[in-house]
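Good morning, and thank you for joining.

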Amino acid sequence: MRHLRSSAALGVLIVAVAAGAAFAQKGTGEATGIARRAEKPPIVTLSGTVTDTKIGPCKLTTGRASEGAHLIVRTGDKTINLHLGPSAAVGDVLKAAPVGRSITVDGFRTDRMPADAYVAKSVKVDDRTFTLRDDSLRPTWAAGRGRGRGAWDGRGPGWRRGFGGCF
């Protein structure tokens with residue numbers, strides 16, 4: 001009987017670990033984020049007018065944030081879905097770029113993303129520039145301000161305790 005309980009407990013533990021890993025692998029199927037890859041996608045500059053703001057769960061996220069912020073931007077002949085990052089980390093950009101505002105974006109996309117989707121590296125609204133990712137494309141909110149690797153906004157005891165990007 002004791003052996004049966006031990007085996008059952010071990011089975012439950014294995015299922016719990018496997019389920020956690022399966023749920024953690026949401027997103028585009030990449031094993032690592034773009035900042036950890038040696039080859040970076042090209043950065044493109046786009047200009048347009050914000051037509052909508054979307055805040056909610058990101059279906060294609062590779063980060064740990066539960067809620068992401070997107071701007072829907074009309075860029076002349078096409079409309080793009082511009083991912084900014086976790087809504088808690090990009091509130092200033094959302095305030096500065098309401099519907100109807102013209103913006104300029106430095107962004108990138110990967111082959112695994114939908115054709116109309118881009119991730120913002122920086123957003124310029126009027127004379128104000130919001131830098132969302134550094135030159136290695138690591139999100140600024142993941143830098144932890146020197147207080148632990150990956151801690152969002154400097155809070156948390158360190159690596160893997162903060163929020164990550166979404167999309």
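I shall speak about strand pairing, then the nonpolar cores, and finally one serine.

This is a predicted model, in which local features need pLDDT of at least 70 and side-chain atom pairs count only at pLDDT 80 or more, while totals for chains, interfaces and linings use all residues. Residues are numbered from 1 along each chain as its sequence is written, and side-chain values use heavy atoms, with hydrogens and water left out.

Helices (H or I, at least four residues) and strands (E, at least two) are DSSP runs, numbered from the N terminus. Two strands pair if DSSP finds at least two bridges between them. E2 and E3 are antiparallel, with eight bridges; one of these joins Ala-69 to Gly-85 in E3. The two strands form a hairpin with two residues between them, and Gly-76 in the turn has a positive phi of about 75°. E3 and E5, by contrast, pair in the parallel sense over three bridges, and His-83 has Val-119 in E5 as its bridge partner.

A nonpolar core is a set of buried Ala, Val, Leu, Ile, Met, Phe, Trp, Tyr and Cys residues joined through side-chain atoms within 4.5 Å; buried means under 20% relative accessible area, exposed over 50%, partly exposed in between (1.4 Å probe, protein chains only). The largest such core has 23 residues, and Leu-84 is among those with the most contacts inside it. E5 gives the most to this core, four residues.

Lastly, Ser-87 lies in the loop between E3 (78-86) and helix H2 (91-96). Ser-87 counts as buried because its relative accessibility is 14%.
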